[in-house]
Amino acid sequence: MDTTNMSLADFAHVADRDIMQRAALFREYREDFFNRRHLQYKRVALDGSAPVRRVIDPYTGEIREMIYLAGNDYLNLTQHPRVVAAGKEALEKYGAGAGSVPLLGGTLDIHIELEKKLARFKCCQSVIIYTSGFGSNAGTLLALLQKEDVAVLDMYVHASIIDGCQNTNVKFFRHNDMDSLEKTLKRVKDSYRTKLVAVDGVYSMDGDIAKLDEIVEMAKHYGAYVMVDEAHATGVIGKNGRGTPEHCNVEGKVDIVAGTLSKALGGVGGFIASNEDLVALLHFYSRSYMFSTAMTPQAAGSLIAALDVIETEPDIRARLWDNINYFRENLLALGFDLGNAETAIFPIIIGDGYKVREVCRYLHERNIYVNPVLFPAVPKRATRIRMSLMANHTKEQLDTVLNALEDADKLFGITERYKTKSVKKSLV
Ligand SMILES: Cc1ncc(COP(=O)(O)O)c(C=O)c1O
C-alpha cells in the first residue's frame, strides 16, 4: 500500500470489509507508515513525563534521549515531590483501588475532599469527579441533552463533547467566530427546550483561547446555557491558574465548567463543576460515572496536592509563561505560521500531510519528540506539527528545538509554502 495521500479517514468505514478484514487492511497502512519511519504514535518511554525523556526508537530499538514537546503536563506536576508524596500516602492509607463504583460503595472521603477543593478552585457550588476527562464530558452531555434539546458547538470542540451529543441535536458554529455563533443561536432560538453552547477554553490542537466573556453574554441574551471544557486551560491561564473563566473575567457565570485532571494537574480523571442540583442529577444519570469504578485513592491524593501547588507556587506557572513567550517570539521570527496560538500549545501549520510526516521523521532523528497532526484530526489545509511546552524546559533545550526547526525549514521548505498562492497564512 502506498500511503502518500492516504489518511485514517480511509479506514473509518470500509463498506465491503468485515471487522477483521478492515483491521488487516489497516495493518497494511501501518506497515507503510512504519517503513517510511512516519509512525510516530505510541513511542514508548522508559521514564516519567519530563522535558527530556528516554524513548525506545521504534525503528532501531535503540534508546534515544529526546527533548519532549508532546505532553500536556504543562507544570510537570506529575513529578512534583509534594504531588508524588501525597499519592504515596493515599496509596498506603486506602490501598490500590477504590473497590467499587461511586454510588455503590466506592466513594472515599478523599474523593469528597478533591471535589470540594475543585469546587472552590473553579468558583462553583459543586463538583463531580470522573475517572477520565473524556468520560466526564461525554457522560455529562449524554445524560443531560435529549432529542428536544440542541448543542451549539464550536467546530473545533474536543471529540468527547461531540461524542456526548449523540442523543441530541447539534449545530456547529465557525471556530471562535462570534458572528457565526450569533447566527446559529438566532436560528435555534425558539425551536428547542434546552440550548447549550459548548466550547473548549483552550483549544487542544490550536492553543487559542475561547472568547468566553462574549460567549457568556451572547448565550444569556439568546436563553442558552454555556459549558466550557477547561482541559488545557486549568493551571495555565488566568492570573491564579483558574482557567478561562478567570482569564475572561466571568468566574461564577459559566453554567457548566468541565475539565480534565490529567493535564496541568498531572494526574488522571475529569470533573464537572456546576450548581448542586445539576451535579446531583449527574450522580444518578451519568452512565460513565455510575457504572464505572471510582478514581484510585492515589490519583485523588496526588490531585489534591496538585491543586495546592497551583495555588501556592505561582512561580511554576510564571516559568511556563516565560518559556511560552520566548518560544513564540523565536518561532515567529523564523517565519512559522502558528495560527492564533497564545498558550503552551504550539501548532506549526504546514498544510501538506506528507510534509508534516517527513518533518516529524526528521525531528525524531534529531531527538526531538513532537506530534504530527494530520487529516482527519484537522482539515487537510491545516495539517501541522503540534508541540507543547513545560515550565521546566530550559532555554537551551528550546534553542536546540528552534535550531532543528530552522534546519527542517531549509530542508523541507515549510515557510516557503506560505509564500505560494495556494497556501495562505493563518489557515486555522
Ligand atoms: C480539550 C480536551 N477535553 C477533554 C480531553 C479528555 O481528557 P482525558 O485525557 O482526561 O480523558 C482532552 C484530552 O485528551 C482534551 O484535549
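Which residues come nearest of the 15 residues around the ligand? The model is predicted, and local features need a pLDDT of at least 70, side-chain atom pairs count only at pLDDT 80 or more, while totals for chains, interfaces and linings use all residues. Residues are numbered from 1 along each chain as its sequence is written, and side-chain values use heavy atoms, with hydrogens and water left out.

**View 1. The shell around the ligand.**
Of the 15 residues around the ligand, Phe-134, Asp-229, His-232, Ser-262 and Lys-263 come nearest, where a residue counts as near if one of its heavy atoms lies within 4 Å. The shell divides into two nonpolar, ten polar and three charged residues; here Ala, Val, Leu, Ile, Met, Phe, Trp, Tyr, Cys and Pro count as nonpolar, Asp, Glu, Lys and Arg as charged, and the others, Gly among them, as polar. The largest share of this shell, three residues, is contributed by helix H4; helices (H or I, at least four residues) and strands (E, at least two) are DSSP runs, numbered from the N terminus.

**View 2. Polar atoms at the ligand.**
A polar side-chain atom of Asp-229 lies 2.5 Å from a nitrogen atom of the ligand, in a view of polar contacts, that is, pairs of N or O atoms within 3.5 Å. The side chain of His-232 has an N or O atom 2.7 Å from an oxygen atom of the ligand, and an N or O atom in the side chain of Lys-263 is likewise 2.7 Å from a ligand oxygen atom. Taken alone, the ligand exposes 380 Å², of which the protein buries 81%, with areas found by the Shrake-Rupley method and a 1.4 Å probe.

**View 3. The sheet of seven strands.**
Seven strands form an open sheet with mixed pairing, in the order E4-E10-E9-E8-E7-E5-E6, where two strands pair if DSSP finds at least two bridges between them. Strand E4 (126-130) and strand E6 (169-173) are the edge strands, and each of them pairs on one side only. On average, neighbouring strands of this sheet are turned by 20° against each other, direction ignored; the axes behind such angles are lines fitted to C-alpha atoms, for helices over the stretch in contact, and angles run from 0 to 180 degrees between N-to-C directions. Strand E5 (residues 150-154) pairs with E6 in the parallel sense over five bridges, and the bridge partner of Leu-153 in E6 is Phe-172.

**View 4. Helices against the sheet.**
Helix H3 (residues 109-121) lies across E4 and strand E10 (270-274), and runs at about 125° to E4. Helix H4 (residues 133-144) packs on the sheet, where it touches E4, strand E7 (195-200), strand E8 (225-229), strand E9 (256-260) and E10, and its direction makes about 45° with that of E10; contact means heavy atoms within 4.5 Å. Leu-108 is found in the loop between helix H2 (81-94) and H3. Leaving aside neighbours within four places in sequence, Leu-108 is in contact with Tyr-94 and Pro-297, and Leu-108 and Tyr-94, 14 residues apart in sequence, are 8.8 Å apart in space, C-alpha to C-alpha.

**View 5. The sheet of four strands.**
Four strands form an open sheet in the order E1-E2-E3-E12, with mixed pairing. Strand E1 (44-45) and E12 stand at the edges with a single partner strand each, so one side of each is left without a neighbour in the sheet. Two bridges join E1 to E2 in the antiparallel sense, and Ala-45 has Val-55 of E2 as its bridge partner. Strand E2 (residues 52-56) and strand E3 (residues 63-68) run antiparallel and are joined by five bridges, with Val-52 opposite Ile-67 in E3. E3 and strand E12 (residues 368-369) run parallel and are joined by two bridges, and Ile-67 stands opposite Ile-368 in E12.

**View 6. Backbone details in loops.**
Most residues other than glycine have a negative phi, and most peptide bonds are trans. Asn-249, which is not a glycine, has a positive phi of about 65°, and its place is in the loop between helix H8 (244-247) and E9. In the hairpin of E2 and E3, with six residues between the strands, Gly-61 takes a positive phi near 80°. The peptide bond from Phe-375 to Pro-376 is cis, with omega near 10°, and Pro-376 is found in the loop between strand E13 (371-373) and strand E14 (384-388).

Notes
A polar contact is a pair of N or O atoms within 3.5 Å; within protein, one must be able to donate a hydrogen and the other to accept it, and residues adjacent in sequence count only if both atoms are side-chain atoms.
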